[in-house]
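Here is my note on the model, point by point. Please read it with the coordinates open.

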Amino acid sequence: MNVVSTVDPRDGRRRATDLTETDESRLEVIVGQASRATRWLAGLGRLGRADLLDAIAASLQARRVDLVAAAEAETGLAHARLDQELTRAAVQFRMFGDVLRDGAYVEAAIDHAVDTPLGPGPDVRRMLVPLGPVAVFGASNFPFAFSVAGGDTAAALAAGCPAILKAHPSHPLTSHASAAAISSAIGDLDGPEGVIALVYGEQAGRSLVRHPAIRAAALTGSVNAARAIQAAIDERPDPIPLYAELSSVNPIVVLPDAAADRGDQIAEGLFASFTASGGQLCTKPGLAFIPSGRGGDRLVDTLREKVASAGGTVLLNERIRDAYERRAAEFERAGAHLSARPQIDPGEGFTAAPRLLEVDLPGLSAEIADECFGPLMVVVRYHDAGELDAALDAVPSSLTGSVHRGPGDDADVVRLLVDVLSARAGRIVFDGYPTGVRVSWAQHHGGPWPSTNAVHTSVGATSIRRFLRPLAWQDAPAWVLPEELRDEYTAIPRRVDGRLMPAVE
């Protein structure tokens, strides 16, 4: 079996681990265990699974020091960033505990038997139930919050679905340690093997989604990775959904009065947003539309100064570093000129320099209006806000779109921009920056292709919906029904005979 290796991006050195790639026989055992674990998760019920999620959050936090150290050595991300991300991972598990206790997510509906204009109507009761074992592919840029201990895992377990995770090759030891923390919490509740499991290696990932017991897959990664996984899924006799969060440019529009009123402040915010975590965030702003004129000039000058004085940043792996350098060169060949770049000593490892590129609006092309993963942003200078709707319509759809307004900016222009962005993004940000995705009930982290391939969110309470399916019971005896569909059960909101009935404690 092939040994799994790890690389510290700070020095570029590859080191062998005690882990090995998962072969077909081991994969069969893992999937079999996951299938059997489905019953245990169902037996816990909503409230039992809520307690499990709380226990997982506590277990992750109890291992904070070791987990953060492992991730720092495998990603090169800053200690403070990783420490905060681990907190976010724990928050996600606890939030889904709240979702389970609330219970509205099951969408319980009861239509009692009644005479209708079409004749006697049967008793029909419906709610959402777990899909079964799911495959999760972790992201390179979030070793906790979008990886083994991430929101996909939390949502799957909350739904009652065992999660088999394909460990990302950029952080195999962090993945292993995260899975151990989660398994410890499961073991403390006498849970079986298979509630969560890891597989290693690209071939294992493809084999996993081909397995007939797997009922859905989730990915945070590149378009090419999604296509490879989808190709493996297409080999199945029965299709399963792939929920993928992919590529995003996240345009930001700064209107003239905003630039004149607070240009320096916006420049600082833009710089922090596109360079945070080495620009390796799916919500990083890749395009900033800045007005011509004195206010815009001052904003761009400030931005140039901040970029020119910045240091180098360590990127996650060699592939990302090489792709970043290649894409930056492609943007320049397409007509964007280099506006600012610090002089850095590349040294060892996968260090890269932040870049600020500029282009006038007429020169914005499809090649430039594309994602570059890493600390690069393109400033697009425009003369008339009326030109922006057509320009934005040519930008690929994104997870987010942002508008910065000033007190004198035309409200009709703002409305037009919001209309354009709403058709091409999943979240509209006003007077702020898209990086930093709040974990909450109202959050939506998705958007039209190529930002995602589905209407569902991968962050927030409703991301649980990806791992559930509707099931209806017709004229069923009460003892067969889930408790949420029995007449006497009132602990969750339900729609009864067409009326929404609030929960009654």
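**Notes on the fold and selected sites**

1. Strand β15 (residues 337-340) pairs with β17 in the antiparallel sense, over 3 bridges. Two strands count as paired if DSSP finds at least two bridges between them. Within this pairing, H337 stands opposite E358 of β17. Helices (H or I, at least four residues) and strands (E, at least two) are DSSP runs, numbered from the N terminus.

2. Basis of the note: this is a predicted model, where local features need pLDDT of at least 70 and side-chain atom pairs count only at pLDDT 80 or more, while totals for chains, interfaces and linings use all residues. Residues are numbered from 1 along each chain as its sequence is written, and side-chain values use heavy atoms, with hydrogens and water left out.

3. Strand β18 (residues 376-382) pairs with β17 in the parallel sense over 6 bridges. M377 in β18 is the bridge partner of L356. Why call β17 largely enclosed by the rest of the structure? Because 5 of the 6 residues of β17 (residues 355-360) are buried. Buried means under 20% relative accessible area, exposed means over 50%, and partly exposed lies in between (1.4 Å probe, protein chains only).

4. Now the whole chain. The protein chain has 12 helices and 23 strands. Its radius of gyration is 25 Å, close to the 23 Å that the globule rule gives for 505 residues, so the chain is as compact as a globular protein of that length. The radius is taken over C-alpha atoms, and the rule is 2.2 Å times the number of residues to the power 0.38. Along the principal axes, the C-alpha atoms fill a box of roughly 75 × 65 × 40 Å.

5. Burial and contacts. Of the 505 residues in the protein chain, 55% are buried. Take contacts (heavy atoms within 4.5 Å) between residues at least 6 apart in sequence: 76% of them join residues at least 24 apart.

6. Surface and charge. The protein chain exposes about 20,900 Å², and carbon and sulfur atoms supply 52% of that area. Areas come from the Shrake-Rupley method with a 1.4 Å probe. The mean positions of the 49 positive and 64 negative charges are 2 Å apart. Lys and Arg count as positive, Asp and Glu as negative; His and the chain ends are not counted. Each charge is placed at NZ of Lys, CZ of Arg, CG of Asp or CD of Glu.

7. Helix α7 (residues 223-233). Its buried residues are V223, A226, I229, A232 and I233. Their cover includes β7 (134-137), α6 (202-210), β10 (216-220) and β11 (242-245).

8. Two residues other than glycine to check for positive phi. D190 has phi near 60° and sits in the loop between α5 (172-188) and β9 (196-199). N250 has phi near 55° and lies in the loop between β11 and β12 (252-254). Buried or exposed? D190 counts as exposed, at 68% relative accessibility. N250 counts as buried, at 0%.

9. The loop between β20 (425-430) and β21 (468-474) holds P450. The peptide bond from W449 to P450 is cis, with omega near 10°. S463 is in the loop between β20 and β21, and counts as buried at 1% relative accessibility. Leaving aside neighbours within four places in sequence, S463 contacts F96, A155, T457 and S458. The C-alpha atoms of S463 and W441 are separated by 9.6 Å, with the two residues 22 apart along the chain.
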